[in-house]
Amino acid sequence: MTATDARSEATSKDHFFKELAELSERMIAAHGKEFSMGALVLAARFIAENKPFESSATTQ
């Protein structure tokens, strides 16, 4: 990986972390810390288990 590629990847990751922070702040404001943490943990489980994010109701 070149230095330019590394900077580009770091910039991209920083952008996603900023988006996650903003989303988390909105979820906390609307539904509290427990909901926000639970939703993020559930998303992490879906990623780890290769589960689709769409609802099963929309796939029927």
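Lysine 18 and glutamate 22 are four residues apart in helix α1, which separates them by about one helical turn; helices here are DSSP runs of H or I with at least four residues, numbered from the N terminus. Their side chains meet in a salt bridge at 3.9 Å, N to O, a term that requires a side-chain nitrogen of Lys or Arg within 4 Å of a carboxyl oxygen of Asp or Glu. Lysine 18 is exposed, with a relative accessible area of 53%, whereas glutamate 22 is partly exposed at 35%; exposed means over 50% relative accessible area, buried under 20%, and partly exposed in between, with a 1.4 Å probe and protein chains only.

This is a predicted model, in which local features need pLDDT of at least 70 and side-chain atom pairs count only at pLDDT 80 or more, while totals for chains, interfaces and linings use all residues. Residues are numbered from 1 along each chain as its sequence is written, and side-chain values use heavy atoms, leaving out hydrogens and water.

By the salt-bridge rule the count comes to four, and the table lists some of them.

| Salt bridge | N to O distance |
|---|---|
| Glutamate 9 and lysine 13 | 2.9 Å |
| Lysine 18 and glutamate 22 | 3.9 Å |
| Glutamate 49 and arginine 45 | 3.5 Å |

Glutamate 9 and lysine 13 both belong to helix α1 (residues 3-31), where they lie four residues apart. Glutamate 9 is partly exposed at 31%, as is lysine 13 at 45%.

Conventions. Helices (H or I, at least four residues) and strands (E, at least two) are DSSP runs, numbered from the N terminus.
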